[in-house]
Amino acid sequence: MNVFKLTLASTLALGMAACAPEGDAGDSMMADDGAIAEAEAPGTIVDVASGDESFSTLVSAVTAAGLGETLSGEGPFTVFAPTNDAFAKIDEATLTELTTNDTETLGAILTYHVVEGAVDAGTLTGAIADAGDAGFTVTTVGGAALTATIVDGAVILTDANGGTSTVIATDIAASNGLVHAIDTVLMP
């Protein structure tokens, strides 16, 4: 049975690495509680997101919520980062309200996507495999929980409301953690 779990975890980690943007599959590393080597990371999580157009809405939301300094801090953090397409699934009026008038709620939504520590794809898929059918519970910096499962070879995050998001790119390295891109904004 342990050989099966090891094989499954290895297969899933390789599959997730194959989904990473070109050139990123070999750039991941796991840090227990230490810092990630800056020589291999291009900048902070905010810097990395700012340098990728597919995260421009996230960067605007982080700025509006006043979280830029926090996510540029020492960390390490793991961010399940919604892409622009993920934010496009939110009604435009609601998104405008959050980014202009209800930044407290926006901050709670964004911190629901952040986990303490640098959790790479291999570690996450291993924890999911070890947890079994119920999935692995991930506690966010906001104090709420996400459930991580594997469905048809993809890592799926389920929020407190039963909404789901698929991890579509993994192990995007930053000097203060890792970014995993997701296709839907999660709600606490």
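The largest cavity here has a volume of about 130 Å³. This is a predicted model, and it holds 1 cavity of 30 Å³ or more. There is also an open site to look at: the second largest pocket, with a volume of about 180 Å³. Let's take a friendly tour of the two linings.

**The largest cavity**

- Helix 2 (45–50), helix 3 (56–64) and strand 1 (77–82) each contribute at least two residues to the lining of the largest cavity.
- Among the residues around the largest cavity are Ile-45, Val-46 and Ala-49, along with Leu-58, Val-59 and Val-62.
- The lining of the largest cavity also includes Leu-71, Val-79, Ala-81, Leu-110, His-113 and Val-114.
- By residue class, the lining of the largest cavity has 11 nonpolar residues, 1 polar residue and no charged ones.

**The second largest pocket**

- Residues lining the second largest pocket include Phe-136, Thr-137, Val-138 and Thr-139, as well as Thr-123, Leu-124 and Ala-127.
- Thr-78, Phe-80, Val-115 and Val-119 are also part of the lining of the second largest pocket.
- Strand 1, helix 8 (121–131) and strand 3 (136–139) are the elements that supply two or more residues to the lining of the second largest pocket.
- Strand 3 gives the most to this lining, with 4 residues.
- The lining of the second largest pocket splits into 7 nonpolar and 4 polar residues, with no charged ones.

**Strand 1 in both linings**

- Strand 1 supplies at least two residues to the lining of the largest cavity, and two or more to the lining of the second largest pocket.
- Val-79 and Ala-81 are among the residues lining the cavity, while Thr-78 and Phe-80 are among those lining the pocket.

Methods: Residues are numbered from 1 along each chain as its sequence is written. This is a predicted model: local features need pLDDT of at least 70, side-chain atom pairs count only at pLDDT 80 or more; totals for chains, interfaces and linings use all residues. Side-chain values use heavy atoms; hydrogens and water are left out. On a 1 Å grid over the protein atoms alone, a cavity is a set of points where a 1.4 Å probe fits but cannot get out, and a pocket is an open set with protein on both sides within 12 Å along at least five of seven lines; lining residues have an atom within 4 Å of a point. Grid points are joined across faces, edges and corners, and a volume is the space filled by probe spheres set on the points. Ala, Val, Leu, Ile, Met, Phe, Trp, Tyr, Cys and Pro count as nonpolar, Asp, Glu, Lys and Arg as charged, and the others, Gly among them, as polar.
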